[in-house]
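Please examine the structure shown here.

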Amino acid sequence: MEKLLKISEFAALSGISRQLLIYYDNQGILHPKQVDRENGYRYYSYHQLTAASVIVSLRQAGMSLEYIRTYLMERSPEKLMVAFREQENNLTEQIQKLERIRGMVQSRLEHTEQGICIGEEQIWTADCPEENIFLGPALPKGYEPSDSWDCLPAFYEACISQNIQIGLTVGSLVEYDKRTEKLLDRPTRYFCRLPEQQYPVFHIKPAGRYVMGTQFTDYGFTDALYQRIFRYADAHGLKICGDAYEEFLIDEIAERDVNRYMLQISVQIE
């Protein structure tokens, strides 16, 4: 007579918890070999450990119960190859997505930590490395700065089309006009800095020397900081030669008080 295992014994051997064995029974995935009619106790055969092994392996690989139910009845080396190749592709996509999310989280941490370390309104110069940034569509000519929020959906759509993770800090690019040797009077594009080695090169923010400034302010109030930067540049004999990059190191994600958002502007100088 075949020796049967109590559900607790089978659970210990199979690596499937007692609760899951009951669930799999109810779902038609793995029925016990025998059920005591008087007390309802479930008993399993040693031979059922092979089915349990299939279930554990496929669940670990992320397969659905519906797929497992069918696969148990029709399994073959060929079907395993097809299923696991497809799952391998799915897992690769999930890993890439998680890496992009981690890059966004790390970027947010870096911005916030930088804002905390600066801690005050100030102007300084710094040598900055080149950075890979994503530039959104050109903002409409002659738009009113107060309407710039209406242009954000187009930027997010462009990010999504390039598989760029939403949640990165969004900044504004103010272009340098070589003809007038001045910055334009308003941003021309939105941008976001991209985590290293996670994205192809879209646009390079040039390496070089920048005059940088910070200010506690709400969105849309950049003029005062620009004036401080320009006065600093004049006082120190610095010549602006490139674009300006506006971004908030601390924004609504970290701060409730709009007057404590920290704006940073970087302007390339010779």
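Two strands pair if DSSP finds at least two bridges between them. The model discussed here is a predicted one.

Q: How many bridges join strand E6 to E9?
A: Strand E6 covers residues 171-174, and E6 and E9 run antiparallel. One of the positions involved is serine 172, whose bridge partner in E9 is tyrosine 190. The number of bridges that join E6 to E9 is 3.

Q: Which residue in E9 does leucine 135 stand opposite?
A: Strand E5, residues 131-135, pairs with E9 in the antiparallel sense. This pairing extends over 3 bridges. The residue in E9 that stands opposite leucine 135 is phenylalanine 191.

Q: How many of the residues of strand E9 are buried?
A: Strand E9 spans residues 189-193 and is mostly covered. A residue counts as buried when its relative accessible area is under 20%. In E9 the buried residues number 4 of 5.

Q: In E12, which residue is the bridge partner of leucine 173?
A: E6 is joined to E12 by 3 bridges, and these strands run antiparallel. Strand E12 comprises residues 240-250 and is mostly covered, with 9 of its 11 residues buried. The bridge partner of leucine 173 in E12 is tyrosine 245.

Q: Over how many bridges do E12 and strand E13 pair?
A: Strand E13 consists of residues 262-269, and its pairing with E12 is antiparallel. Within this pairing, phenylalanine 248 has leucine 263 in E13 as its bridge partner. The number of bridges over which E12 and E13 pair is 7.

Q: Which element supplies the largest share of the lining of the largest cavity?
A: A search of the whole structure finds 1 cavity of 30 Å³ or more, and the largest cavity has a volume of about 40 Å³. Helix H5 (77-118) and E12 each supply at least two residues of its lining. The largest share, 3 residues, comes from H5.

Q: How many charged residues does the lining of the largest cavity have?
A: The residues that line the largest cavity are Arg108, His111, Thr112, Leu249, Ile250, Asp251, Ile253 and Ala254. By class, this lining has 4 nonpolar and 2 polar residues. The number of charged residues in the lining is 2.

Q: Does leucine 98 count as buried or exposed?
A: Leucine 98 has its place in helix H5. Its C-alpha atom is separated by 9.8 Å from that of glutamine 165, although these residues are 67 residues apart along the chain. A residue counts as exposed when its relative accessible area is over 50%. Because its relative accessibility is 56%, leucine 98 counts as exposed.

Q: Which strands stand at the edges of the open sheet of 3 strands?
A: The 3 strands of this open sheet are arranged in the order E1-E3-E2, and the pairing is antiparallel. Each edge strand has a single partner strand, so one side of each is left without a neighbour in the sheet. The strands at the edges are E1 (4-6) and E2 (34-35).

Q: In E3, which residue is the bridge partner of valine 35?
A: Strand E3, residues 42-45, pairs with E2 in the antiparallel sense over 2 bridges. The bridge partner of valine 35 in E3 is arginine 42.

Q: At what angle to E1 does helix H1 run?
A: Helix H1 is made up of residues 7-14 and lies across E1 and E3. The angle at which H1 runs to E1 is about 95 degrees.

Technical notes. Residues are numbered from 1 along each chain as its sequence is written. This is a predicted model: local features need pLDDT of at least 70, side-chain atom pairs count only at pLDDT 80 or more; totals for chains, interfaces and linings use all residues. Side-chain values use heavy atoms; hydrogens and water are left out. Buried means under 20% relative accessible area, exposed over 50%, partly exposed in between (1.4 Å probe, protein chains only). On a 1 Å grid over the protein atoms alone, a cavity is a set of points where a 1.4 Å probe fits but cannot get out, and a pocket is an open set with protein on both sides within 12 Å along at least five of seven lines; lining residues have an atom within 4 Å of a point. Grid points are joined across faces, edges and corners, and a volume is the space filled by probe spheres set on the points. Ala, Val, Leu, Ile, Met, Phe, Trp, Tyr, Cys and Pro count as nonpolar, Asp, Glu, Lys and Arg as charged, and the others, Gly among them, as polar. Contact means heavy atoms within 4.5 Å. Axes are lines fitted to C-alpha atoms, for helices over the stretch in contact, and angles run from 0 to 180 degrees between N-to-C directions.
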